[in-house]
Amino acid sequence: MGKYEFVAEVSNRQKVRVFFVSLMILTVLFAIFLVFATFLKEGIQQSLSYQTVKGFFEKDIKKITPLGIFYLSFFGNLLLIPLPTEIPFFIGLTKGNPFLLSLFLAVAGLIPSQAINYLIGTKFHKLIFTFISTKKIYKAKRWVDNYGSYALFGFNLLPLPSNELVFALGIAKYNATRLFVSVLFGSIIKFLAIWGFV
């Protein structure tokens with residue numbers, strides 16, 4: 001017999017409590033970030049290493065070198081930073097970047113960022129479940145089981161933000177192998193199509 005996980009319906013009072021606790025935690029984390037950014041900003045700006053790193057990123061991202069394509073692909077596919085990675089890839093190819101190196105670095109940035117999205121979904125699924133009714137969870141789970149790989153392949157084939165979909169599939173604990181095969185093949189076909197237009 002397989003292992004089953006049942007989700008109990010959560011009361012509205014519990015949902016409100018979890019919402020406000022989450023909001024308070026996010027506020028505290030944001031405040032800590034602002035404090036550290038303010039105190040460290042002056043010290044970091046004075047150091048030579050900060051200027052070197054800043055120039056390195058600006059040089060690669062502004063000129064869209066193959067390494068810049070890697071950075072944009074990694075950060076552009078993270079959950080809260082939806083950046084289109086197709087445009088820098090296309091511009092980089094028109095500037096003379098080698099196709100195979102650009103393709104490799106674009107995929108090398110895409111896979112770890114999508115893995116982070118998937119892991120965030122799997123780790124925080126119980127928190128998400130407190131805000132969504134059990135009936136909707138099981139309905140979405142059935143849809144994901146039936147159409148998840150097709151939707152993921154289509155989202156990666158077309159210039160659509162697939163990071164939210166990967167996060168949702170992480171919440172549903174979708175098969176990771178099937179997920180990353182769909183991401184990989186959809187992205188490679190999309191980048192091959194872009195190369196065909198150059």
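Reply: Lys190 lies over the face of Phe191, 5.5 Å from the ring centre. The model is a predicted one.

Me: With which residue does Glu86 form a salt bridge?

Reply: The structure holds one salt bridge. Its closest N and O atoms are 2.7 Å apart, and a salt bridge requires a distance within 4 Å. The partner of Glu86 is Lys190.

Me: How many residues apart in sequence are the parts that Glu86 and Lys190 tie together?

Reply: Glu86 is in helix H4, whereas Lys190 is in helix H9. The pair therefore ties together parts whose separation in sequence is 104 residues.

Me: Is Lys190 buried or exposed?

Reply: A residue counts as buried when its relative accessible area is under 20%. Glu86 has a value of 14% and is buried. For Lys190 the relative accessible area is 9%, so Lys190 is buried.

Me: Why do the buried residues of H4 line one face of the helix?

Reply: The buried residues of H4, which spans residues 86–94, are Glu86, Pro88, Phe89, Gly92 and Leu93. Seen down the axis of H4, they line one face because they fall within an arc of 170°.

Me: Against which helices do the buried residues of H4 pack?

Reply: Packing here rests on contacts, with heavy atoms within 4.5 Å. The buried residues of H4 pack against H3 (66–76), H5 (99–123) and H9 (176–197).

Me: Which residues does Gly92 touch, not counting those up to four places away in sequence?

Reply: Gly92 belongs to helix H4 and is buried, with a relative accessible area of 0%. Its C-alpha atom is separated by 7.2 Å from that of Pro66, which is 26 residues away along the chain. Leaving out residues up to four places away, Gly92 touches Ile64, Ile69 and Asn97.

Me: How is the aromatic pair of Phe99 and Trp195 arranged?

Reply: The count comes to six aromatic pairs. In the pair of Phe99 and Trp195, the centres are 4.2 Å apart and the angle between the planes is 15°. Planes under 30 degrees apart count as stacked, so this pair is stacked.

Me: How many residues apart are Phe99 and Trp195?

Reply: Phe99 is buried, at 11% relative accessible area, while Trp195 is partly exposed, at 44%. Phe99 is in helix H5 and Trp195 in helix H9, and the pair links distant parts of the chain, 96 residues apart.

Me: Which residues form one aromatic cluster?

Reply: Phe99 and Trp195 form a stacked pair. The cluster that holds these two consists of Phe89, Phe99, Phe191 and Trp195.

How values were computed. Residues are numbered from 1 along each chain as its sequence is written. This is a predicted model: local features need pLDDT of at least 70, side-chain atom pairs count only at pLDDT 80 or more; totals for chains, interfaces and linings use all residues. Side-chain values use heavy atoms; hydrogens and water are left out. Buried means under 20% relative accessible area, exposed over 50%, partly exposed in between (1.4 Å probe, protein chains only). Helices (H or I, at least four residues) and strands (E, at least two) are DSSP runs, numbered from the N terminus. The arc is that of the directions from the helix axis to the C-beta atoms. Rings of Phe, Tyr and Trp (its six-membered ring) pair if their centres lie within 6.5 Å; planes under 30 degrees apart count as stacked, over 60 as edge-to-face and the rest as tilted. A charge sits over a ring if NZ of Lys or CZ of Arg is within 6 Å of the ring centre and within 35 degrees of the ring normal. A salt bridge is a side-chain nitrogen of Lys or Arg within 4 Å of a carboxyl oxygen of Asp or Glu.
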